[in-house]
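Subject: Structure handover

Hello,

Here is the structure I promised to pass on to you.

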Amino acid sequence: MIGVLVLLLCLCCSTVKSVSVMEGHSVTLHTDTQLHTHDVVQWMFGVQTPDEIIAEINREDNITSFIIERLKNHVEIDDQTGSLIITNITTQHTGRYHVEIIGNTVQNKHFNVTVYAGLSVPVISRVSSQCSSSSSSSCCCVLCSVMNVSHDVSVSWYKGKSLLSIISVSDLNIRLSLPLEVEYQDTNTYRCVVNNPITNLTQHLHITQLCETSSVGVVYCGFTEAVIRLVLSAVVGVATVAVLIYDIRCGLPSKY
């Protein structure tokens, strides 16, 4: 109990170095020192506080031991510096790390490691259910979606270099989606970007390919506008038929 309290006091008094890394990569937590013959190194780990011993190295007895089973196949210790090397890192390795080097003096270092899951390439598809019913001009409605989203991921729409909209999630989610309405004849450049604090992936919107007009005319995003145009088309059609009948009747010769 006393040891844990001492460790907590050390954490409060010392600087914690933040380290971010992508899942599957390797990271080294540097001690920034050179070990001496009689030094003993102890690394500890914990989600909130580093309270489990990961590994120990005793330079005098030339003994290195790894304690936590789930980390045993992922960690190595540099026998010259005592630095901890984590290979093929996973999100389970996110947490607090503490190293104590005991020799002529006692040195402590603290690390806060955040592991981010790999990002999925965003997918852009054409939809109608996400469109605004109040849209007053012909437009194409698209949706940018990302599957298997993890924490601290955001999805954004950009027009050129200008940010149009953004949505983010701080907890695990299955899917993250963000809609966009564009004019079907728009010549601007649009792109959907998915990112976390250390990397991003981009998908460009190809309006001419995704927003082609149908054989019966332009597809409109606003339901109200579509109804109005349908009614207008019907009125014009009736008027055209009436004029045609009138012209035919006026052109017929009289029986008298």
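Are Cys-144 and Cys-192 buried or exposed? Both of them are buried. Please keep in mind throughout that this is a predicted model.

**The disulfides**

Cys-144 belongs to strand β11 and Cys-192 to strand β15 (residues 190-196), so the link ties together parts that are 48 residues apart in sequence.

The structure holds two disulfides. Cys-140 and Cys-211 also form one, and their sulfur atoms are 1.9 Å apart. Here the torsion about the S-S bond is about -75 degrees, so the disulfide of Cys-140 and Cys-211 is left-handed. Cys-140 sits in strand β11 (residues 140-147), while Cys-211 sits in the loop between α3 (207-210) and α4 (223-251), so this pair ties together parts that are 71 residues apart in sequence. As for accessibility, Cys-140 has a relative value of 1% and counts as buried because the cut-off is under 20%. Cys-211, at 5% relative accessibility, counts as buried too.

**The cavities**

The structure holds three cavities of 30 Å³ or more, and about 40 Å³ of space lies in the largest cavity. Its lining includes Gly-118, Leu-119 and Ser-120, a run from Val-146 through Met-147, Asn-148 and Val-149 to Ser-150, and also Val-153 and Val-194. By residue class, the lining of the largest cavity divides into six nonpolar, four polar and no charged residues. Two of the lining residues, Val-146 and Met-147, fall within strand β11 (residues 140-147), and Val-194 is another lining residue, found in strand β15 (residues 190-196).

**The strands**

There is an open sheet of six strands, in the order β1-β9-β8-β3-β4-β5, with mixed pairing. Its edge strands are β1 (16-22) and β5, each of which pairs on one side only. From one strand to the next, the twist averages 20 degrees. Within the sheet, β3 (residues 40-46) and β4 run antiparallel and are joined by six bridges. Phe-45 stands opposite Glu-52 in β4.

Elsewhere, strand β12 (residues 153-159) pairs with strand β13 (residues 162-169) in the antiparallel sense, over seven bridges. Ser-154 stands opposite Ser-168 in β13. The hairpin of β12 and β13 has two residues between the strands, and Gly-160 takes a positive phi near 65 degrees there. Val-153, already mentioned for the cavity lining, belongs to β12 (residues 153-159).

Finally, have a look at Asp-61. Where is Asp-61 found? It is in the loop between β4 (52-58) and β5 (63-66). Asp-61 has 48% relative accessibility and therefore counts as partly exposed. Asp-61 and His-38 are 23 residues apart in sequence, and their C-alpha atoms are 8.4 Å apart in space.

Happy to talk any of this through with you.

Best wishes

Methods
Residues numbered from 1 in each chain as written. Predicted model: local features only at pLDDT ≥ 70, side-chain atom pairs only at ≥ 80, totals over all residues. Heavy atoms only, no water. Helix = DSSP H or I, 4+ residues; strand = E, 2+ residues; numbered from the N terminus. Buried < 20%, exposed > 50% of the residue type's maximum accessible area, 1.4 Å probe, protein only. 1 Å grid on protein atoms, 1.4 Å probe; cavity = no way out; pocket = protein on both sides within 12 Å on 5 of 7 lines; lining within 4 Å. Points joined across faces, edges and corners; volume = space filled by probe spheres on them. Nonpolar A, V, L, I, M, F, W, Y, C, P; charged D, E, K, R; others polar. Pairing = 2+ DSSP bridges. Axes fitted to C-alpha atoms, helices over the stretch in contact; angles between N-to-C directions. Disulfide = S-S within 2.5 Å.
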